[in-house]
Amino acid sequence: MTTYKKPYNLETLINSLPGIEIIIDSSQVAKLSQDYHTFSPILVPKLAGKVGDIVIRPANEQEVLKIAAACVKHRIPVTVRGAGTGNYGQCVPLHGGVILDMTRMQEICWIKPGIARVEAGVKLAALDKKTREIGWEIRMAPSTYRTATIAGFVAGGSGGIGSIQYGFLGDRGNLLALKVVTLEDEPRVIELRGDDVQKVNHAWGINGIITEVEIPLGPSYPWAEVIITFPEFMAAARFGQSLADADGMIKKEIAVFASPIPQYFTPLRQYIPDGTHAALLLIAEPSLEFLPGLVQQHGGNITYQKTVQEPGKGANLLEFTWNHTTLHARSLDTSITYLQSLFPADVKTGHGASLQLVEQMYHHYGDEVMMHLEFVRVNGATTPAALQLVRYTTEERLNEIIRHHEEQGIFIANPHTYIIEDGGRKVIDPEQLQFKEMVDPYGLMNPGKSREIGEV
C-alpha cells in the first residue's frame with residue numbers, strides 16, 4: 001500500500017458504491033497495479049512499491065459513471081487498466097487510489113462489414129474470432145492479442161501485427177470513434193468521432209475513461225505462417241524489405257531476427273539452425289506461390305510452413321514477434337532489455353537509407369544490441385522498425401546507446417520511462433491537454449505520467 005498520507009476515506013468510497021465489484025485484498029490489489037514494465041531495469045526501481053488502494057471492476061457504463069462521480073467527490077486518483085500487458089508502467093498508479101479494472105465490460109455491441117463497435121474490455125482475439133465469421137478481421141494487434149483488451153491497446157499501444165499493411169493506431173482512419181466518461185463534478189459520457197479520437201488515443205488514460213471503441217476492419221484472409229532462415233543477417237533484412245515492398249503480396253507480419261535471437265525461441269529451434277538469421281512471416285495463402293522465388297533471390301531457405309488447414313501443427317509464430325521476442329529472451333536471460341526504434345526512410349527510394357543504417361548499427365553493436373526488425377508502413381512507405389534486444393550493463397550505457405541511435409537519425413520511442421513525453425510522444429498534443437483540462441479538472445486521472453500536466 002502507498003505510504004503517503006491520503007486525504008480521502010476509502011470506506012466512505014466503498015459504501016457509496018453498493019452492488020459494484022470492489023477488491024480490497026492487498027495481494028490482489030498489488031497484482032492488478034502492475035504491468036510488464038519489468039522488461040526495463042530502469043523502471044523497476046522507479047515503480048517499486050507503487051500500488052493502488054482498491055480495485056473496482058465496473059460491469060457497464062452506468063457503473064463507470066457512478067465510480068467516476070464518487071472518485072471526484074472524494075478526490076481520489078483513478079488509474080484505468082485493461083489486461084496490464086503494457087510495458088512502460090502505463091497502468092501503474094503513482095499516487096495510489098482506485099485501480100479501475102475494465103475487463104468485465106466485454107460486450108460486442110455490433111459488427112458490420114468493415115466496422116465493429118465493442119466495449120472497452122473486449123479481448124482482441126475474441127473480437128477477431130467474431131469478425132472473421134462475416135469475412136472481416138481486426139486491422140492490427142499487439143503480440144499479446146490473446147489477453148490484451150481493445151481499450152488498453154488504444155490507450156497504451158500503438159501498432160503491431162498488421163502494421164505492415166495498415167500503419168499505426170494513430171494514423172488517420174484506424175480508429176473511428178471512442179466513448180469516454182469524464183471526471184468532472186457531474187461526469188458525462190462523451191462520444192469522439194473521426195479526427196477527434198486523437199484527443200484520447202495513446203494517452204495512457206490521463207484524459208478520459210474509455211468505455212466503447214469503434215474500429216474499422218480489414219478483409220479476412222487465410223493466413224499461412226512461414227519461417228525462413230538466412231546465412232547472412234543483411235540478406236534477411238533485404239528480403240524483409242523486398243517482401244514489404246511487394247504490393248501484390250498480402251502480408252500481416254514480417255519480422256527479421258539476427259542470430260543469436262532465434263536461440264531464445266525454444267519451441268522453434270528445430271526450424272532455425274544455430275548461427276542462422278530468421279524471418280517469421282504471416283502471409284495470405286493466395287500469395288504463398290510467389291514466396292519461394294523471392295526467398296531464392298535473397299539466398300534464404302524455407303524451413304517451416306503452416307496453413308490454416310493445419311491448425312494443430314507447430315507453435316503460433318505471432319507470439320515470437322514484437323515484444324513477445326523480448327519476453328522469450330528474458331525467460332532465459334533476465335539481464336536482457338530492449339529498445340524501440342524506427343529507421344528513417346530515404347525520401348528518394350522510399351527505404352534505401354533504412355537498410356544502410358540497419359547494417360551500420362548491426363555491425364557497430366554486434367551482440368550487445370541484437371537486431372530485431374519489424375517491417376511497418378509509415379506515411380505510405382514501408383520501413384523497418386526495430387525492437388532490438390540489449391544486453392544491459394548500466395543505465396549510463398543504455399542512455400549512450402539511445403543517444404547514438406538518435407544522432408544517426410533513428411527515432412527512439414524510449415521504453416524506459418513512464419513519462420509520456422519522454423517515450424514515443426516526445427510532446428503532448430495541445431489538443432489532448434485542452435481536452436484533459438475539460439474532462440479531468442482535478443487532475444485525478446493517472447496522475448504523474450506527464451511532465452506537462454504535473455502531479456496532483
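The model is predicted, with local features requiring pLDDT of at least 70 and side-chain atom pairs counting only at pLDDT 80 or more, while totals for chains, interfaces and linings use all residues. Residues are numbered from 1 along each chain as its sequence is written, and side-chain values use heavy atoms, with hydrogens and water left out.

**Overall build**
- The chain holds 13 helices and 21 strands, which are DSSP runs (helices H or I, at least four residues; strands E, at least two) numbered from the N terminus.
- The radius of gyration, taken over C-alpha atoms, is 22 Å and close to the 23 Å that the globule rule (2.2 Å times the number of residues to the power 0.38) gives for 456 residues, so the chain is as compact as a globular protein of that length.
- Along its principal axes, the C-alpha trace spans about 70 × 50 × 40 Å.

- Of the 456 residues, 58% are buried, meaning under 20% relative accessible area with a 1.4 Å probe, protein chains only.

**Contacts of Ile215**
- Beyond its neighbours within four places in sequence, Ile215 is in contact (heavy atoms within 4.5 Å) with residues including Gly114, Leu127, Ile150 and Leu176.

Conventions: Buried < 20%, exposed > 50% of the residue type's maximum accessible area, 1.4 Å probe, protein only.
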